[in-house]
Amino acid sequence: MEHSRTPPPQHLAFLLFSTLITAVNSIGVNYGTLGDNLPPPAQVAQFLKDKTYIDRIKIFDTNPEILRAFADTGILVSVTVPNGEIPSLTDLRFARRWVGTHIKPFYPRTRIHYIAVGTEVLHWGPQNLIDGLVVAMKTLYHALVLSGIRDIKVSSPHSLGILLRSQPPSGARFRPGWDEGVLAPMLQFLHRTKAPFMVNPYPYFAYSPKNPNFALFKPNRGIHDKFSGKIYTSMFDLQMDAVFMSMRRLGYPDVDIVVAETGWPSLGEVELSQCTVENAAAYNGGLVRKERNGTGTPLMPKRRFETYIFGLFNENLKPGSLAEKNFGLFRPDFTPVYDIGIMKRTQVNFTLYSFLDYCTDLGSSEDWKAVNRQACAQASWAIPGPVPSPSPGLPAPVLGKKWCVAKLEVSDAALQANIDYVCSTGVDCGPIQPHGTCFSPNTVRAHASYIMNTFYQINGRHDFNCDFSNTGVITFSDPSK
């Protein structure tokens with residue numbers, strides 16, 4: 001009777017597989033243009049639409065060529081008002097002219113989503129811009145309404161310099177002066193217009209070589225907030241909860257939070273040892289995984305954040321350090337700098353293979369394996385690509401199988417830390433609990449190998465997903481046999 005609660009194979013395939021496919025369809029990027037070798041906007045729009053799961057972009061101006069290029073693509077576009085125009089936008093006549101010039105010629109064929117008024121205005125100043133920021137946001141919103149446009153939201157992105165402190169998150173608060181003078185009226189406006197509060201969290205800038213994994217969504221011991229009782233295993237979660245608690249202190253915990261910028265450079269100066277392809281892939285891959293899993297944060301469980309990774313391309317003319325020029329997900333010729341599962345063809349293939357591997361190779365119950373093999377067969381018939389259809393009555397074929405297992409020389413304490421970390425990300429750890437399908441053998445090593453492999457499989461089987469602080473190793477031999 002135990003299997004009476006198990007969904008039919010075809011339903012299981014549809015439910016699990018469709019969840020994996022559709023849940024990645026909401027990731028954004030910042031599209032910067034400070035390069036002399038970047039492709040034209042029309043090619044960029046077509047590439048994003050046809051080849052990637054990126055369904056929204058944010059630009060740092062109102063570039064008409066970009067706005068025209070994204071017309072009829074279905075991709076959401078957020079535009080930015082330059083900081084210097086904020087004083088003028090406090091005047092309604094100027095704001096209406098601005099809307100008439102920069103928005104109405106492109107709307108609604110181009111799906112303009114947000115207007116960001118300035119960039120990190122409180123951080124950079126000067127004071128006259130800070131003083132006029134909320135007034136400009138309200139005036140611009142009024143101009144949109146007078147133009148008959150009610151579905152474009154107005155907000156303004158902030159650096160985390162708006163926080164007086166972020167640790168512990170439960171004690172976080174906005175800086176005095178900015179809290180009541182600027183951010184409280186801004187949050188009141190955002191609450192009234194159902195617009196989000198925009199922040200730019202960058203764990204990259206808080207990176208510490210003493211605890212590198214904490215910034216990279218990699219296994220670590222975590223940081224305990226003794227006041228809330230929560231344990232943080234990522235700097236991103238800690239920063240987001242610090243913002244949330246600061247908003248809550250002002251009485252606006254229900255305003256949505258948008259991650260307007262965040263990212264990690266793949267190359268930098270010699271002294272910036274954290275600027276590597278591996279680290280950039282780990283961090284940005286963690287963001288995509290977080291969006292896909294919908295795990296939220298310790299204080300905001302199951303909450304998804306609309307996220308814009310910085311940036312789309314490496315930009316060779318961007319001022320500043322070498323690292324500043326190398327935040328891109330793609331090179332100018334559209335080749336990925338690294339793989340984080342946002343390419344459509346790659347995503348379909350790895351999701352199918354991961355689903356098949358996960359179903360057929362990880363369980364210990366032969367009956368359960370049989371049910372899952374049927375589900376995998378149902379799934380493979382529905383998926384385009386070079387995966388051959390299964391013969392009736394046989395398991396669906398899987399090419400190039402790989403598994404992630406614990407290294408033999410690693411201590412139980414390190415492996416237990418891996419288990420704790422993976423379970424904290426939302427991965428189902430029920431199978432290794434008492435009476436679970438993979439509880440036996442009841443050893444830390446066996447449980448860790450199961451959990452590490454589960455994490456590796458469902459996150460795309462990228463090599464970096466099996467690193468676990470150098471405690472995991474990839475094998476091509478089925479560890480269950």
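**Core, cysteines and backbone**

A: Of the 121 residues in the largest nonpolar core, I57, F70, I103 and F197 touch the most other members. A nonpolar core is a set of buried Ala, Val, Leu, Ile, Met, Phe, Trp, Tyr and Cys residues joined through side-chain atoms within 4.5 Å. Buried means under 20% relative accessible area, exposed over 50%, and partly exposed in between (1.4 Å probe, protein chains only).

Q: Which helix gives the most to this core?

A: Helix α7, residues 127-146, with 11 residues. Helices (H or I, at least four residues) and strands (E, at least two) are DSSP runs, numbered from the N terminus.

Q: What does I103 touch?

A: Leaving out residues up to four places away in sequence, I103 touches V79, W98, I112, I115, L144, I149 and I152. Contact means heavy atoms within 4.5 Å.

Q: Before we go on, where do these values come from?

A: This is a predicted model, in which local features need pLDDT of at least 70 and side-chain atom pairs count only at pLDDT 80 or more, while totals for chains, interfaces and linings use all residues. Residues are numbered from 1 along each chain as its sequence is written, and side-chain values use heavy atoms, with hydrogens and water left out.

Q: Cysteines now. How many disulfides?

A: The count is two, where a disulfide is a pair of cysteine sulfur atoms within 2.5 Å. C404 pairs with C466, sulfur atoms 2.1 Å apart, and C423 pairs with C429 at 2.0 Å.

Q: Where do C404 and C466 lie?

A: C404 is in strand β14 (residues 403-406) and C466 is in the loop between α14 (444-458) and β15 (472-475), so the pair ties together parts that are 62 residues apart in sequence. Both C404 and C466 are buried.

Q: And is C423 buried, exposed or partly exposed?

A: C423 is partly exposed, because its relative accessible area is 28%. C429 is buried, at 9%.

Q: What about handedness?

A: The C404 and C466 link is right-handed, with 90° about the S-S bond. The C423 and C429 link is left-handed, with -115°.

Q: Switching to the backbone: which residues does a cis peptide bond join?

A: One joins Y107 and P108, with omega about 10°. Another joins Q167 and P168, with omega about -5°. Most peptide bonds are trans.

Q: Where is P108?

A: In the loop between α5 (92-102) and β4 (111-117).
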